[in-house]
Amino acid sequence: MKDVNPATAVRSPYKVAWHVWTALFMREFVSRMTTDRFAPVWLFLQPILHVVILVAVRDFIGKGRLIPGAEFIPWLVIGITTFIMFRTLWIQGMNAIQANKALFAYRQVHPADTVLVRCAMEAKLQAFVLMIMVFMFTGLGFDMLPDAPLEAVEVLLAMSLLGLGMGLTTSVMVTFFPESSKIVNLISFPLYLLSGVMIPIQFMPHGIQEYLLYNPLLHAVELIRAEFFSSYHAVQGVSLWYVYQWAICTVLLGLALHVKFKVRMVAR
Amino acid sequence: MDIQNEPAMIEAKDVWKRYHGPFGGGWVLKGVDFKIPRGVSVGLVGKNGAGKSTLLRLIGGMDSPDKGEIIERCRVSWPIGLGGGFQGSMTGRQNVKFVARIHGGNADIDRIIDEVQDFAEIGPAFDQPIHTYSSGMRSRLAFGLSLAFNFDVYLSDEATAVGDVSFKQKAKKAFKERVGQSSLIMVSHATKILEDLCQSGIWLHEGKAIWFDDLKDAIDAYHDSVGHKPKTKKAK
């Protein structure tokens, strides 16, 4: 009889999915690190430069530097880094299908796999970036160490899930309407302002705050600051559960869209 | 084992497929029916745009029919073709590793790499990005890669068309060695290689599939339909 090759013997569906994820993970990591000679440096330098420039700008303007219960620069750094984490997951997840199109020739690889794996990898990288930021600014003499580290991780987890959900959902949209990626890039800038990354929302009138609180990113950005600086007075009415609700809804919506349009996405 | 009573290896039941283009789309396959018995290699012939590649994609599981179904009672490879399956920015080695991993071959990844390198014979280009390859090199790599796994059926979409003489000899030899274990479903416009590797034929004509037990009949029918005198007849 024919000898059974372990490489093609029948595997359970879970095992197949696991094999695809490991393979994709390694591939994504290599391509992220070798897109050009500068890539691994740029990965860490980009958020750091981003922070440094914003800090410089805010320092230069010097207005509204009084943050209730927290030092200004650590307050800004942690907010920006968390926001960038979300945005990177979202944008990278959104573009995952386009970047891995050639791989759908193999029937094991589903479009959703590429988004999931890319977001998981990006979350790990961004967590690493965040740690570097914390150590760097602590080394510079700022009070950057989290007062409630585990709770901070919980907020970051919610933020990553939300990024994954948005990535999953918009990745389907972008596959069918490539124009929509422009809109996504366009709205990510106002989101930056509306999420209280640069401007403390506490100083805004209550009537406006009420509307701004519909944005889950504001909740997450405020919460992570509250976990880092225990004396910080976060905006009234923020809740982690609200962020998780958004995260769960977008993830489920994204997965449902992937199930519905899987065949049409692969066939493209 | 009774060949007669054994269920067909691949069975297409009234398969319909259409594509939605920007200006509407017509049906490519209009009720395709056939049964491929175990161990029989099949050549697919038909005009450009007759739906040969579409049918291969359906058999390869890359796409699903709008109506009808395809039943597979065997392990089928991905369609080995000129285009898909490789990411251009990655090296040949990285692509091979990826495919080995998704097929669960992480343990014997070195064996697979050796086998592919052996078959493809592309030398140092194996560590160059795929987009620097010529089409012949790509198809060498693609063919070698699929042969490193034991599929029951290999799907080839014009993969041999751009190969040189030595590559065609190699491909032929590889499949001759696997007679009785694996078979081939092949799209090609080169009659010679079809005759070398396949026994039966399917002629795709106007959205229907017509089965021929003998490949020669399929090729003749196809050539007659386009009003072309085949060389094989002249030689007689």
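B:Thr54 is found in helix α1 (residues 52–59) of chain B, where helices (H or I, at least four residues) and strands (E, at least two) are DSSP runs numbered from the N terminus. The model is a predicted one, in which local features need pLDDT of at least 70 and side-chain atom pairs count only at pLDDT 80 or more, while totals for chains, interfaces and linings use all residues. Residues are numbered from 1 along each chain as its sequence is written, chains are lettered from A and ligands numbered from 1 in the order in which they are written, and side-chain values use heavy atoms, with hydrogens and water left out.

B:Thr54 counts as buried because its relative accessibility is 11%; buried means under 20% relative accessible area, exposed over 50%, and partly exposed in between (1.4 Å probe, protein chains only). Leaving aside neighbours within four places in sequence, B:Thr54 is in contact (heavy atoms within 4.5 Å) with B:Lys17, B:Tyr19, B:Val28 and B:Leu29. B:Lys17 is 37 residues away from B:Thr54 in sequence, with a C-alpha to C-alpha distance of 8.3 Å.

Further along chain B, helix α7 (residues 215–225) has as its buried residues B:Leu215, B:Ala218, B:Ile219, B:Ala221, B:Tyr222 and B:His223. Their cover includes β3 (42–46), α6 (191–197), β8 (200–205) and β9 (208–212) of chain B. After α7(B) comes B:Gly227, with a positive phi near 70°.

Turning to the interior, a nonpolar core is a set of buried Ala, Val, Leu, Ile, Met, Phe, Trp, Tyr and Cys residues joined through side-chain atoms within 4.5 Å. The largest such core has 69 residues, and those with the most contacts inside it are A:Tyr106, A:Val109, B:Phe98, B:Leu141, B:Phe143, B:Leu145 and B:Phe149. Helix α3 (residues 109–120) of chain B supplies the largest share of this core, six residues. Another core, of 56 residues, lies apart from it and has A:Phe83, A:Phe86, A:Val174 and A:Tyr232 among its members. Beyond four places in sequence, B:Phe143 touches B:Ile80, B:Phe119, B:Ser156, B:Ala159, B:Thr160, B:Phe167, B:Ala171 and B:Phe175.

Chain A has nine helices and zero strands. Its C-alpha atoms fill a box of roughly 75 × 40 × 30 Å along the principal axes. Buried residues make up 50% of the chain A residues. Of the contacts in chain A with a separation of 6 or more, 77% join residues 24 or more positions apart.

One buried residue is A:Arg118, at 10% relative accessibility, which lies in helix α4 (residues 111–139) of chain A. Outside its sequence neighbours up to four places away, A:Arg118 touches A:Glu28, A:Gln92, A:Gly93, A:Asn95, A:Ala96 and A:Ala99.

A:Phe38, in the loop between α1 (13–33) and α2 (39–61) of chain A, is partly exposed, with a relative accessible area of 46%.
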